[in-house]
Amino acid sequence: MLAIIGGSGLTQLASLDLIRREVVRTPYGEPSGALTFGRLCGRPVVFLARHGYGHTIPPHRVNYQANLWALHQAKADAIISVASVGGIRADLCPGTLIVPDQIIDYTWGRKSTFHDSSDEPVVHIDFTEPYDAALRRRILAAAAAASETIVDGAVYAATQGPRLETAAEINRLERDGADVVGMTGMPEAALARELGIPYAAINVVANFAAGRASSANGICFDSIDVVLREAMRRVRQVLDHICEA
Ligand code: HPA
């Protein structure tokens, strides 16, 4: 069953035929909310709103371990993460959809592994390619089928938040090779890999990153809402086509 983790601007899926909501407990605590089981274009899917259904959980407080464990318990065999980002690369302007292919992790203090005990042998996962190649291709093919433009490949910088970055931090991220910046991509991707669940992301550029283009003098939150509302409509089209394929 496909799992979808929705971020800012995607707290529900309009075309989901709801079957049931399930409050799940995990050894890692409570997920961000109940799991929503339903059908999207006839296919079973499970949906989880990363920031909670009322959008109240900030990025650094999301219980990523519980979220991933809950989806694992629900027998998710693929996870598509939808997350808004700031565009660093000049061509990644607000409204652009992206399937990122790499990650740089700047987060700190988050519970970033299921293998945290000194009672078991040390576990290292291979994370050379943080996103699942086949699932990325599935998203790109669905976007093509839906006639939605989507950028294939970008380096995602995961920052701690919840504050946005300074202009100098964005310059540094660019020098490091990052194309977009968000706050929730890690440790989500690594935890999915630890559980062996194929994971890929659709990033939605909500704004130019701090200090860039229309964000040269600050980030305008009102326009973020407008951009996300329109862009999430296109994301839903892509998700529908993933399920139709
Ligand atoms: N920075 C970090 N995370 C974000 C941004 C940003 O500019 N926009 C949306 N999520």
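## Elements and model

Helices (H or I, at least four residues) and strands (E, at least two) are DSSP runs, numbered from the N terminus. With these names, β5, β10, β11 and α5 (221-244) each supply at least two residues of the lining of the largest pocket. The model described here is predicted.

## The largest pocket

The largest pocket holds about 680 Å³ of space. It is lined by 31 residues, and those closest to its centre are Ser8, His55, Ser84, Ile224 and Leu228. Helix α5 gives the most to this lining, with seven residues. By residue type, the lining of the largest pocket has 15 nonpolar, eleven polar and five charged residues.

## The ligand

Where does the ligand sit? The ligand is found in the largest pocket. The elements giving two or more residues to the shell around the ligand are β5 (78-87) and β10 (180-182). Of these, β5 gives the most, with three residues.

The residues surrounding the ligand are Ser84, Val85, Gly86, Leu164, Glu165, Val181, Gly182, Met183 and Asn207. This shell is made up of four nonpolar residues, four polar and one charged.

A polar side-chain atom of Glu165 lies 2.8 Å from a nitrogen atom of the ligand. For Gly86, a backbone N or O atom is 3.3 Å from a ligand nitrogen atom, and for Val181 a backbone N or O atom is 3.5 Å from a ligand nitrogen atom. On its own the ligand has 260 Å² of accessible area, and the protein covers 92% of that area.

## The second largest pocket

The second largest pocket has a volume of about 210 Å³. Its lining consists of Tyr106, Trp108, Thr159, Gln160, Gly161, Arg163, Leu164, Glu165, Glu169, Arg172 and Leu173. Leu164 and Glu165 belong to this lining and also to the shell around the ligand. The lining of the second largest pocket divides into four nonpolar, three polar and four charged residues.

## The cavity

How many cavities of 30 Å³ or more does a search of the whole structure find? The search finds one, and about 30 Å³ of space lies in the largest cavity. Ser81, Ala83, Tyr131, Tyr156, Gly185, Tyr199, Ala201 and Asn203 form its lining. The elements that give two or more residues to this lining are β5 and β11 (199-208), and β11 gives the most, with three. Five of the lining residues are nonpolar and three are polar, with no charged residue.

Key: Residues numbered from 1 in each chain as written. Predicted model: local features only at pLDDT ≥ 70, side-chain atom pairs only at ≥ 80, totals over all residues. Heavy atoms only, no water. Near = heavy atom within 4 Å. Polar contact = N/O pair within 3.5 Å; in protein donor to acceptor, adjacent residues only side chain to side chain. Areas by Shrake-Rupley, 256 points an atom, 1.4 Å probe, with all protein chains shown as cover. 1 Å grid on protein atoms, 1.4 Å probe; cavity = no way out; pocket = protein on both sides within 12 Å on 5 of 7 lines; lining within 4 Å. Sits in = over half its atoms within 2 Å of the grid points. Nonpolar A, V, L, I, M, F, W, Y, C, P; charged D, E, K, R; others polar. Points joined across faces, edges and corners; volume = space filled by probe spheres on them.
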